[in-house]
Amino acid sequence: MADDAAHRTLTLQILRFNPQEPGSTPRMQPYQLEEADGMTLFIALNEIREKQDPSLQFDFVCRAGICGSCGMMINGRPGLACRTLTTQLPPETTLAPLPVFELIGDLSVNTGKWMRHMSERLATWVHMKRAEVDLGRIEEAMEPELAEQIYLLDRCIECGCCVAACGTARMREDFVGAVGLNRIARFRLDPRDTRDDAAYYELIGDDQGVFGCMSLLACHDLCPKDLPLQTQIAFLRRKMVVAGLR
Amino acid sequence: MKIVYTDVLIIGGGLAGLRMAIGAKRRGHEAIILSLVPAKRSHSKAAQGGMQASLGNVIKGQGDNEDVHFEDTVRGSDWGADQRVVRMFVNTAPKAVRELAAWGVPWSRVRKGDREVIINSQKITITERDEAHGLLAQRDFGGTKRWRTCYVSDGTGHAMLTAMADQAIAASIPVHERAEALALIHDGGRCYGAVVRDLITGELSAYVAKATAIATGGAGVLYRVTTNAVICEGIGHAIALETGVAALGNMEAVQFHPTGIFPAGILVTEGCRGDGGLLRDVDGHRFMPDYEPEKKELASRDVVSRRMEEHLAKGKGARNRFGEHLWLDITLLGEHHIKHNLREVYEICHYFLGIDPAKEWIPVRSAQHYTMGGVRTTPTGESPTLKGLFAAGEAACWDMHGFNRLGGNSVAETVVAGMIVGEFIADFCDRSENDLDISTAVVHDHLEREQARLDAMLAGRGTERAGELRVAMQQIMTAQVGIFRRGKDLERAVEQLQALLVRSRNIGVRYQAAGANPELVTAYRTQKMLRLALTIAYGALVRTESRGAHFREDYPRRNDADWLKRTLAVWKNETDTLPTLTYEALDVKTMELPPGWRGYGAKDYVDHPDTAARQKEVDAIKEKLAASGRFAVQETLMPYEQLLPPRFRGRNERIDERF
């Protein structure tokens, strides 16, 4: 067993605010707890809620870094709390909700509502040639490399970290963010989608779309899934310039 | 009183729920989905390794078809499954995977020519056929005779769920996120929808629907160590149980996955072993061939998990500061393979363990993984006792998994059941006799009752803490209702859980906000979970045999003579502390595959008196129709196609079975 004396006392400074509660005002609240072996922010926050403060709000679902529920500002940088080991943090850590998204309370934000709106607006589904396929028949072939390239962009978990890190999103409420642009890049690659660049231009060929990006690229640096957002946005911008000139 | 009316109310926004809603909507019925979380964050997302469908594109899958998939699934279930439902499933799985391919899932594809693979720790070269180039690829999984598991790297569930949720958006199906069904509205014979709590505002409303479907997934959080997401608390199971009318089937059948990372219980996919990974002990010895010479690491999950625990009990475990574990070794697969086909595993090892799985072994131990039991339904997905209530996916027991589910059959089931049950829901809504005729007084009563329960907890007079009761329950379930079960432990578990249930009636909450209130949520869910835990523990106590994942040390043999039957649990009165159990016999005389040895695990079992006669009959039919082809044989042995919706009948094309 590990030596208990070796464990640090951690302080988590958490931004508290419950818009549902009349009279609630935003404030920082410190919580102290003893670090444990293998502790993640998932474990730490649950321990605080169980033992110290039952009112604390936050979101976890998979606690394995794949569902995108637990994006939050960890010492000022967006990241996934569930897979952040406390050993990587200083003794005092600040936690705040992701900006841009509607606040539900404390560390919980409504990314779901934002993402649904983005999906509806950008029509983020394959626009098929025929509404029905003959399900008994052998599927259409696709080059293995292409399938893998599509999957690489399809790995987005809609956690909202790219939006929270985005300079444009802070200034333009209606910016679709790297998450939206990446979705378009993914469908552009997919031969099953019938849309062409003229159609994509209608969706993202303006300042709310690809031309709103200021190339600060914090999205790329902070994406928990390491998506190649920088190259995808740059590529998309070139293609949309061409489509716009036509 | 706020009432929302719709044709179809779907509780749960994972793959099964989304697919049912899409099916109903296409047939012209309005559907609303309730989801605790944004649909794309549902636990379907966590399926890593893949989805079984007998396409037979890869060379190691050649010769695969519905018949082989059928036999693997029934053997996997240890003959607990309803074989007609398994047939419906295996025939629809290829259609499901192909539908998803058309909807944009970036399935991994076959590349023609030579490639190196690891089989039984040997590097060998296999050659994929030219005509398979670009078609969906399959990998090996436990308990299967052929390579059948279609996959998207190791993010299969993620890719499937993304495509499915986007299709639901395309169909303009509303998903009411952060909404929780607290109780079903019913009059003892007909289900009319649910009382729903908004998890942001705390407001209660009634959703009234012609058809209500439960698709809430599993109940892993009843256990201390589980691979399940924190939302998999079995609340869908529980609200069906609390009607006192709908039954839960086979709740004692709980699967433990061999490779949860130790100690967090986060899943690493069976694809690791399917692709050639090995299990090793403290000495680095590969121990599975000692126990299971036929299937080795790729026996079914119940068998591998038990063998691992057996080996640990012999003192062969490695040890770290959290306790004893075994090793999963995928270093032999090489960095390229891991970084392309096992990306999520790579990330999980990197972030949670700080290791590189291409260079180091992964500490693993079995963890609760899957709930075979669920809301008992007919093959149409409808409760036979509560009209208008449907269920699909992990939350349901139409019974294709019996007492053990095969890897790759869960995400496959979610989509297949969603397709099939979605059609039957639409049929139900089409019939005018199923129009709504509910009195608002019934709705009002249900709403008031739920509000009163919450108010009582919020009044704060109760002295019990829900969190403490929950932890106690989880400890009991893991320690006494786990992989190895003993009568004495189970008796004690039932008593202890009953005591917790009684205490849970006196839960109070410290934080008294009526709106978003995590403590209140824990409180009301814990009461429901305790009923479910008791249903599992009591079912396990009464079932004095071993079958699939249910293993009794004091009754180690499968006993078809006495126990080839399905457990049905009903919670008759709110004040009861135990469910009422009845049993539904499986009919050996109509089975396509009569009970026998599974091909792995124990060879010792007690036969059912009808087995020998049925086996003879089956053999005779097979011999007589040998020249007529496999479809004729199957149809004579056990006709099932009439059970499928017309839309999903028909054969499946393959490279070797062209139309």
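Contact here means heavy atoms within 4.5 Å. Helices are DSSP runs of H or I with at least four residues, strands are runs of E with at least two, and both are numbered from the N terminus.

**Ground rules.** I am working with a predicted model, where local features need pLDDT of at least 70, side-chain atom pairs count only at pLDDT 80 or more, and totals for chains, interfaces and linings use all residues. Residues are numbered from 1 along each chain as its sequence is written, chains are lettered from A and ligands numbered from 1 in the order in which they are written, and side-chain values use heavy atoms, leaving out hydrogens and water.

**Helices 2 and 3, chain B.** I began with helix 2 (residues 66-76) of chain B and helix 3 (residues 83-102) of chain B, whose axes are 9 Å apart at an angle of about 135 degrees. Axes are lines fitted to C-alpha atoms, for helices over the stretch in contact, with angles from 0 to 180 degrees between N-to-C directions. That angle makes helix 2 of chain B oblique to helix 3 of chain B (under 35 degrees is roughly parallel, over 145 roughly antiparallel, 65 to 115 roughly perpendicular, the rest oblique). On the helix 2 side I noted F70(B) and H69(B) among the residues that meet helix 3 of chain B, whose own contact residues include V86(B) and F89(B).

**Helices 12 and 15, chain B.** Next I looked up helix 12 (residues 440-458) of chain B and helix 15 (residues 518-542) of chain B; their axes come within 11 Å and cross at roughly 120 degrees. This pair is therefore oblique too. From helix 12 of chain B, L454(B), M457(B) and L458(B) meet L520(B), A523(B), Y524(B) and Q527(B) of helix 15 of chain B.

**Aromatic pairs.** My search of the whole structure gave 9 aromatic pairs over all chains (Phe, Tyr and six-membered Trp rings with centres within 6.5 Å; planes under 30 degrees apart are stacked, over 60 edge-to-face, the rest tilted). Y223(B) and F256(B) have ring centres 5.6 Å apart and planes at 85 degrees, so they are edge-to-face. Y223(B) is in the loop between strand 11 (204-214) and helix 5 (235-241) of chain B, and F256(B) is in strand 13 (residues 254-261) of chain B, so the pair ties together parts 33 residues apart in sequence.
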